[in-house]
Amino acid sequence: MIIVAGHLVVDPPVRESYLSDCADVVRQARAADGCLDFSLAADVLDPGRINVFERWVSRAAVETFRGSGPSDEQSAAILAASVAEYDVSGERSLT
């Protein structure tokens, strides 16, 4: 399993429109083969932060979906980013 997690930073006044513009990407990811979860969400404390969380069955599934990445407009809106990919070898349910 692959987990992609971290955050993006955008200007606070554009965060909601940035997230709205990402709705189609979230829909496409969740429908993609191998996607277990995909979320971009506004942070509850920082008005410019967008939390990123993705869970995939394999690296191949991530690479197949990822394609060319964010559009030029989306990339221009990102002021900073800290996102990493993790290989997970085990899982333990907490629910």
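Is Cys-22 buried or exposed? With a relative accessibility of 4%, Cys-22 counts as buried, where buried stands for under 20% relative accessible area, exposed for over 50%, and partly exposed for what lies in between, computed with a 1.4 Å probe on protein chains only. The model is a predicted one, in which local features need pLDDT of at least 70 and side-chain atom pairs count only at pLDDT 80 or more, while totals for chains, interfaces and linings use all residues. Residues are numbered from 1 along each chain as its sequence is written, and side-chain values use heavy atoms, with hydrogens and water left out.

Cys-35 is itself buried, with a relative accessible area of 14%.

Helices (H or I, at least four residues) and strands (E, at least two) are DSSP runs, numbered from the N terminus, and two strands pair if DSSP finds at least two bridges between them. Strand β2, residues 35-42, pairs with strand β3, residues 49-56, in the antiparallel sense over 7 bridges. A hairpin through 6 residues joins β2 to β3, and within this pairing Ser-39 stands opposite Phe-53 in β3.

Aromatic side chains come next. Rings of Phe, Tyr and Trp (for Trp, its six-membered ring) pair if their centres lie within 6.5 Å, and planes under 30 degrees apart count as stacked, over 60 as edge-to-face and the rest as tilted. A search of the whole structure finds 3 aromatic pairs. Phe-38 counts as buried, at 4% relative accessibility, and Phe-38, Trp-56 and Phe-65 form one aromatic cluster.

Charged side chains make further links. A salt bridge is a side-chain nitrogen of Lys or Arg within 4 Å of a carboxyl oxygen of Asp or Glu, and by this rule the count comes to 6. Among them is the salt bridge between Glu-85 and Arg-59, whose closest N and O atoms are 2.1 Å apart. Since Glu-85 lies in strand β4 (residues 80-87) and Arg-59 in helix α3 (residues 59-66), the pair ties together parts that are 26 residues apart in sequence. Glu-85 is partly exposed, with a relative accessible area of 34%, and Arg-59 also counts as partly exposed, at 38%. A network of salt bridges links Arg-59, Glu-63 and Glu-85.

Another salt bridge joins the side chains of Asp-24 and Arg-27, at 2.6 Å from N to O. These two residues are 3 apart in helix α2 (residues 23-31), and so are separated by about one helical turn. Asp-24 is partly exposed, with a relative accessible area of 49%, whereas Arg-27 is exposed, at 54%. The side chains of Asp-43 and Arg-49 likewise meet in a salt bridge, at 3.5 Å from N to O; here Asp-43 counts as buried, at 17% relative accessibility, while Arg-49 counts as partly exposed, at 27%.
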